[in-house]
Amino acid sequence: MYKKQLTVQKILCIAAIIVSAMVFLYALGIMTDLYDALYDTMRNPRNVYSTDVEGSIVYYNMQEFNRMFLKYSIGMILLAVLLFITNTHVRRKYYIGNYVATGLFAIASVAIAVFGHIYIEIFKGQFLQVDFAALKEHAELWGTLYTESTFWFDLHYFVFALLIIVAALLVANAIWKSRLMKEEQQLLHGDYPVERGVQA
């Protein structure tokens, strides 16, 4: 049973690194379409409210959030690395550091998912208020991107779902590990419950 559990915990720690990197890449890419479609509509950098397309201010509104989101995503990668620094991926017995690393990753995963979801939905709503007729005219005139797609906003459901799933599995794995360690201690001390019909 320990061998199986060790395999699972290693896979989950690797998955934590991968999904944290996905969150980072998502933070890098979330404003790609907004930049390509809306940045050029604001022709006066000293007055972002002066625009060819009503509603394009959403591009600037998102920038502070995006900077914070990017920093948090880097933090997620560091917490995933902490799992490896504490040898959570290979350790046969967990110590306090392993439980702390697992707990921090799980808490941070929920926090960044809630934070991201709330603000991304707000900015999605702002994006849908863009004057798309004016945006289309601007794109045809200046050769810039025209899009009404909310793909980058909607992608957060997939990315955050994966993050939460991996975090939940890491916690479940820690509980499983704790039970196995307890059973092993009971066996070593000879006080493990004897099955019926089996002589001690």
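**Exercise 1. Work out which residues sit on the exposed face of helix 5, and which sit on its buried side.**

Step 1: Start on the outside. Ala133, Glu137, Glu140 and Leu141 are exposed, on the face of helix 5 turned away from its buried side. Exposed means over 50% relative accessible area, buried under 20%, and partly exposed in between, with a 1.4 Å probe and protein chains only. Helices here are DSSP runs (H or I, at least four residues) and strands are E runs of at least two, numbered from the N terminus.

Step 2: Within helix 5, residues 132–142, the buried ones are Phe132, Ala134, Leu135, His138 and Ala139. They share one side of the helix because they cover an arc of only 150° around its axis; that arc is taken from the directions from the helix axis to the C-beta atoms.

Step 3: Find the cover. Helix 2 (32–38) and helix 4 (96–127) are included in what covers those buried residues, going by contacts, meaning heavy atoms within 4.5 Å.

A word on the source: this is a predicted model, where local features need pLDDT of at least 70 and side-chain atom pairs count only at pLDDT 80 or more, while totals for chains, interfaces and linings use all residues. Residues are numbered from 1 along each chain as its sequence is written, and side-chain values use heavy atoms, with hydrogens and water left out.

**Exercise 2. Describe what stands out about the backbone at Asn87.**

Step 1: Asn87 isn't a glycine, yet it has a positive phi of about 60°.

Step 2: Look for Asn87 in the loop between helix 3 (58–85) and helix 4.

Step 3: With 30% relative accessibility, Asn87 counts as partly exposed.

**Exercise 3. Sketch the protein chain as a whole, from its helices to its dimensions.**

Step 1: Count elements: there are 6 helices and 0 strands.

Step 2: Check the extent. The C-alpha trace spans about 85 × 30 × 25 Å along its principal axes.

Step 3: See how much is tucked away: buried residues make up 36% of the 200 residues.

Step 4: Of the contacts with a separation of 6 or more, 78% come from residues 24 or more positions apart.
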